[in-house]
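Hi,

Here's the structure I promised to pass along.

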Amino acid sequence: MSDNVNAVSVKGIYKNYGDVEALRDMSLDFPKGQLTSLLGPSGCGKTTLLKIIAGLLQPNQGEVYVNGQIVSEPGPDRAFVFQDFALMPWASVLRNVAFGLELRKVAKSEREDIARKYIKEVGLDGFENSYPHELSGGMRQRVGLARALSVDSPVLLMDEPFSAVDEQTRRKFQEDLLQLVKEESKTFIFVTHSIEEAVYVSDQVAILLPRPSRVSEIIKPSSFKNKDVDSIRKDSEYLDTVEKIWKSLRSYVE
Amino acid sequence: MISRPLTLKLLSALLIFGSWEMASRAGINYAFPTFLESMGALWNLTISGQIFVAYAETLKPLVTGVLISTFIGVGIGVWVGLSEKFDWLVSPIFIIMQSAPLAALIPLVIMAYGIGITSKTFVVCIMAMPVIVLNTSGAVKNTPSSLIEMAKSYLSTEREVILKIIIPSASPVIFAGLRLGVSAGFIGAILAELKITPTGVGDIISYSRMTADYPSMYAAIFSIIVLAVLFLNVLERIEKSLFAGNDLGYVS
Ligand SMILES: Nc1ncnc2c1ncn2[C@@H]1O[C@H](COP(=O)(O)OP(=O)(O)OP(=O)(O)O)[C@@H](O)[C@H]1O
Ligand SMILES: [Mg+2]
């Protein structure tokens with residue numbers, strides 16, 4: 001097994017929902033300490049793949065390896081950011097963010113300290129005692145993000161985590177994410193619909209075919225990664241890569 | 001829940017009691033006392049202490065029955081909501097119970113449990129339990145699956161899913177069921193006292209009817225309604241303090 005290189009790998013995954021064939025023979029490696037984006041048309045099975053990796057869904061066939069071990073259930077090594085946020089409406093922001101730690105039996109004062117730190121980090125300072133219905137969509141999404149970060153799992157499964165935040169916050173989060181990937185040895189699996197975002201934050205971009213989904217292409221933007229955050233968006237390789245992905249995706253749209 | 005302003009409450013009380021007073025003064029029926037006469041009777045019942053003695057009697061089967069129905073009803077409801085087999089087995093019983101005219105069962109209850117407090121408690125239970133069970137099970141089945149998935153992905157046990165996700169998420173509907181159940185329990189308690197053996201408030205009602213002391217009869221009925229409303233308010237308080245964020249609708 002190549003368990004030193006890949007934090008997660010999926011091999012030969014098939015997934016059907018009744019008659020709907022969502023994934024067909026999907027294989028993909030997610031190198032340790034890197035950020036891999038999944039880019040593909042809506043309904044192609046990105047969420048499905050993420051949930052299979054999380055152990056929330058069982059594939060009809062195929063295996064998921066985390067650190068070289070086959071997994072079929074959720075584990076402490078993976079944390080999920082949900083596309084629909086999945087916040088508990090009866091719980092405050094603080095309790096929602098600390099919920100992962102609460103389930104891990106971390107003492108109350110300790111987990112609330114950790115949660116406060118991440119609430120601050122996602123820019124929700126001062127909303128600790130608010131309830132989800134008092135927040136905007138983008139703020140709710142950040143609560144989900146803070147919850148996933150606070151359990152400190154080595155693998156983060158992020159299902160369109162920035163889809164509902166405004167463009168400024170989104171850019172800030174993208175920069176923060178780049179920073180996070182650099183600083184921490186975490187592995188990120190990141191679903192997005194934005195080509196620019198994918199190219200900007202990823203070490204590798206996996207382009208998925210429409211249903212039944214397989215990987216059509218893996219693109220590894222590399223040369224501009226160590227430039228400083230401001231100049232990446234002007235970098236010629238960055239622009240070329242965006243263009244190239246757009247060309248290959250356009251064939252499905254047409 | 002919207003908090004109702006006090007002036008509005010007073011206004012609607014004034015409206016109801018005012019029309020009661022006027023309707024009775026208009027002389028609809030000789031057995032229909034005015035509001036003020038009834039309040040006078042209530043005052044007399046209160047200073048003579050009669051009403052307290054009566055409630056001490058009535059509250060026994062009522063409170064026992066409501067407590068039993070709450071705990072067993074919510075318990076069964078959660079179980080029905082979680083297990084399809086149990087649902088198949090048990091739900092029809094409660095659906096029939098809810099639609100059947102339960103007062104007709106009272107003779108059977110008397111045959112089985114006699115005319116004591118057991119029978120009365122039982123009547124309270126069969127009135128209160130079905131709506132509690134059915135509301136609870138419906139709410140449990142409707143738990144958003146994304147929340148259950150979320151809890152599982154953060155490593156919750158089955159028990160934690162039930163205690164920390166399913167029950168809080170179902171609580172608004174469970175409490176709605178409890179409110180209906182408690183109201184039905186009140187009806188059951190009075191029904192039992194009127195149909196089984198006259199005790200407590202039911203005794204005041206039937207005795208004052210026999211002696212044509214209609215103000216006292218209405219005073220007793222009025223006091224039950226007041227008590228039921230107070231009870232429901234307490235329930236609402238409990239719910240608010242337990243699940244604060246559920247107040248304003250559901251968001252994901
Ligand atoms: N629970 C389900 N039951 C039946 N079909 C499902 C279910 N979940 C997903 N599907 C189907 O599987 C396909 C893939 O769904 P999935 O949610 O993984 O797509 P996605 O790539 O995440 O889409 P999006 O970008 O819009 O979020 C869809 O066509 C959908 O119709
Ligand atoms: Mg999706």
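Before the notes, one term: contact here means heavy atoms within 4.5 Å. Also keep in mind that this is a predicted model.

With that in hand, let's start with helix H10 of chain B, residues 214-242. What do the buried residues of H10(B) pack against? They pack against five partners in chain B: helix H1 (6-25), helix H2 (35-47), helix H3 (50-82), helix H8 (158-195) and helix H9 (200-210). Among those buried residues are B:Tyr214, B:Met217, B:Phe222, B:Ile224 and B:Leu235, and B:Glu236 and B:Glu239 are on the buried list too. The length of H10(B) checks out as well: at 1.5 Å a residue, its 29 residues should span 42 Å, and the end C-alpha atoms are 42 Å apart, so the two agree.

Now over to ligand 1. There are 13 residues around it, and A:Ser42, A:Lys46, A:Thr47, A:Thr48 and A:Arg211 come nearest. By type, that shell splits into seven polar, three charged and three nonpolar residues. Helix H1 of chain A (residues 46-54) gives the largest share of the shell, with three residues.

A few polar pairs to look up in your viewer:
- A:Thr48 has a polar side-chain atom 2.5 Å from an oxygen atom of ligand 1.
- A:Gly43 puts a backbone N or O atom 2.8 Å from a ligand 1 oxygen atom.
- A:Tyr17 has a polar side-chain atom 3.5 Å from a nitrogen atom of ligand 1.

As for cover, ligand 1 taken alone exposes 640 Å², and the protein buries 64% of that.

Cheers

Notes:
Residues numbered from 1 in each chain as written. Chains lettered and ligands numbered in written order. Predicted model: local features only at pLDDT ≥ 70, side-chain atom pairs only at ≥ 80, totals over all residues. Heavy atoms only, no water. Near = heavy atom within 4 Å. Polar contact = N/O pair within 3.5 Å; in protein donor to acceptor, adjacent residues only side chain to side chain. Areas by Shrake-Rupley, 256 points an atom, 1.4 Å probe, with all protein chains shown as cover. Helix = DSSP H or I, 4+ residues; strand = E, 2+ residues; numbered from the N terminus. Nonpolar A, V, L, I, M, F, W, Y, C, P; charged D, E, K, R; others polar. Expected span 1.5 Å × (residues − 1). Buried < 20%, exposed > 50% of the residue type's maximum accessible area, 1.4 Å probe, protein only.
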